[in-house]
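Colleague: I have a model on screen and some questions about it. Shall we take them one by one?

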Amino acid sequence: MNLSRRAEFLRLGGVWRLLRGILSEISPHELGDGFFKELADFAPVMIWRSGTDALCDWFNKPWLDFVGRSMEEEVGNGWAENVHADDFDRCLETYLTAFHARKPFTMVYRLKRRDGVYREILDNGAAYYRGGEFAGYFGSCIDISDRTEMEAQLRQAQKMEAVGQLTGGVAHDFNNLLQVIGGNLQLLERDIPRDERAQRRLQNAMEAVGRGSKLAGQLLAFARRQSLQPRAINLGRLIRGMDDLLRRALGEAVEIETVIAGGLWNTYVDPTQVETALLNLAVNARDAMRGRGKLTIEAGNARLDDNYAANHVEVTAGQHVMVAVTDTGSGMPPEVIARVFDPFFTTKPEGEGTGLGLSMVHGFVKQSGGHISVYSEVGHGTTVRIYLPRSREKEDIPVDVAEGSAVVGGSEVILLVEDDDDVRATTAELLIDLGYRVLKARDAAEAMAILESGASIDLLFTDVVMPGELAPRDLARRAQQRLPGLPVLFTSGYTDNAIVHGGRLDDGVELISKPYMRDELARKLRKMLSPQPAQAREHVISE
């Protein structure tokens, strides 16, 4: 219905109300008196009634309270003033079609609440009769806005989970490929040490492997399958420590302000991932401000109550530490906000962004048991809030230990278990190049056969995700039962529930993520094979 038709409809309704008031001894607002009116006024739903002329002649108290209008204002066609203009045509057509056919109807439309906010209403109507004669229609309405929002959040969560599962599988295979490529490049680099041109080409190729590894890491972060190393930290201390990094990344034209609340609680998260998340948000903010503006980072204590948790999917009520990143940029319209965490979605020009930054932040926050929200207005900037669960543990401040520059190998025997033939062959060559003796197995069952043969083994190096009835975690437990104190090093293109629970590595589990570099592997092995206290050596992987 166009505006003129809508205005005419409303005008005729006003005339109808006037005539009814003049010609009837009973005013419109008295039509609902009696037992039914009293009953309807206490109903938990909004109720309306229309007569044989299809015009509404009565509304119960919940309806009038909702719209903040009187009975005289609503009867006739006055109610139409509260219906959203974009919904009115469809609403009226549904009602009149059902009315003339004397059939029940159901429709959804937006109705303006007394505070001016439009809410989504589910309206069910049906004909009623008196003495067998058609007398009009009754309708009952409920506000389904919260339910609709929850359903949308649930659909979004299910979509993100499905895409995350696919992404995790792709990243796993991709990391295996990168492991083969990177491992062979490092072996090749040692074979041609004097050819400067070849070395330069190898270096370029290794840098590409590094970029591929970073991309796979972003995919795993989105898929909530990255291996986290959480500890109790104070976000205020972490944010202050990022000051120089942020100023270098954002440039001199961006003013940075940090506001840290007193008495800030600790939270149990991976500090490296928090830094990466904040840097991602800061860089996005810089781009939204076109390199010039003000960035504010706030940290404070917050409590998400039961009501908030009930209205948001995957939110746990309780005490949280909140970090807010606010910019003075261009802001985002609602349709962009709705997709802001989707992987590969970006509003930047082609070639200027992967669309994985915010999806990675979202994945990390969810994997850490937290919550993330976005508020933005076009022309007024954006605020991203991250809520991380409070930890009552004492802050864990690590002691920096300088690593020696020399990479040391060894002569111990390593049982290598890997189902991918190329990865197994490349890894074995890396280990042999470091001086180790290697026994190879393609799955857990074959590895158990080697263990049961009585072979001398100093360390078990096994992939996490492998086919077969015997899981790698069970293999590790049986191996340690047979050889108490046997070190076990897991590796994978992505972590799964075998060694990760609640997004965190299980206690006592050692993991090196693919693709790993030769030097990284060498240091990890020497750390695990060096003499340990008796208590540490006797750690057994539990059920």
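Colleague: What is the mean pLDDT of the protein?

Modeller: This is a predicted model, so confidence comes first. Of its residues, 76% reach a pLDDT of 70 or more. The mean pLDDT of the protein is 79.

Colleague: Over which residues does pLDDT stay under 50, and how many contacts does the model have there beyond four places in sequence?

Modeller: Two stretches matter here. Over residues 533–543 the pLDDT is below 50, and the model gives that stretch 17 contacts beyond near neighbours in sequence. Where pLDDT is low, predicted coordinates should not be read in detail. For your question, the stretch is residues 1–5, and the number of contacts is five.

Colleague: How many helices and strands are there in the protein?

Modeller: The protein has 543 residues, and 47% of them are buried. Among contacts with a separation of 6 or more, 67% link residues 24 or more positions apart. The count is 18 helices and 19 strands.

Colleague: Which strands are the edge strands of the parallel sheet?

Modeller: This open sheet has five strands, in the order 14-13-15-16-19. An edge strand pairs on one side only. That leaves strand 14 (437–441) and strand 19 (510–513).

Colleague: In strand 16, which residue is the bridge partner of aspartate 463?

Modeller: Start with the strands. Strand 15 covers residues 459–463 and strand 16 covers residues 488–492. They pair in the parallel sense over four bridges. The partner of aspartate 463 in strand 16 is threonine 491.

Colleague: Which strands does helix 16 lie across?

Modeller: Helix 14 (residues 421–433) lies across strands 13, 14 and 15, at about 165° to strand 14. Helix 16 (residues 472–482) runs at about 170° to strand 15. The strands that helix 16 lies across are strand 13, strand 15 and strand 16.

Colleague: Which element gives the most to the largest nonpolar core?

Modeller: This core has 37 residues. Leu235, Val274, Leu278, Leu295, Ile297, Ile372 and Ile386 touch the most other members. Elements giving two or more residues include strand 9 (293–304), strand 12 (381–391) and helix 10 (271–288). With six residues, the top contributor is helix 10.

Colleague: In what order do the strands of the antiparallel sheet come?

Modeller: This is an open sheet of five strands. Its edges are strand 2 (56–59) and strand 3 (105–112), each pairing on one side only. Neighbouring strands are turned by 30° against each other on average, direction ignored. The order is 2-1-5-4-3.

Colleague: What angle does the direction of helix 5 make with that of strand 3?

Modeller: Helix 5 covers residues 85–101 and packs on the sheet. There, helix 5 touches strand 1, strand 3 and strand 5 (133–143). With strand 3, the angle is about 150°.

Notes:
Residues are numbered from 1 along each chain as its sequence is written. This is a predicted model: local features need pLDDT of at least 70, side-chain atom pairs count only at pLDDT 80 or more; totals for chains, interfaces and linings use all residues. Side-chain values use heavy atoms; hydrogens and water are left out. Buried means under 20% relative accessible area, exposed over 50%, partly exposed in between (1.4 Å probe, protein chains only). Contact means heavy atoms within 4.5 Å. pLDDT is the predictor's confidence in each residue, from 0 to 100. Two strands pair if DSSP finds at least two bridges between them. Axes are lines fitted to C-alpha atoms, for helices over the stretch in contact, and angles run from 0 to 180 degrees between N-to-C directions. A nonpolar core is a set of buried Ala, Val, Leu, Ile, Met, Phe, Trp, Tyr and Cys residues joined through side-chain atoms within 4.5 Å.
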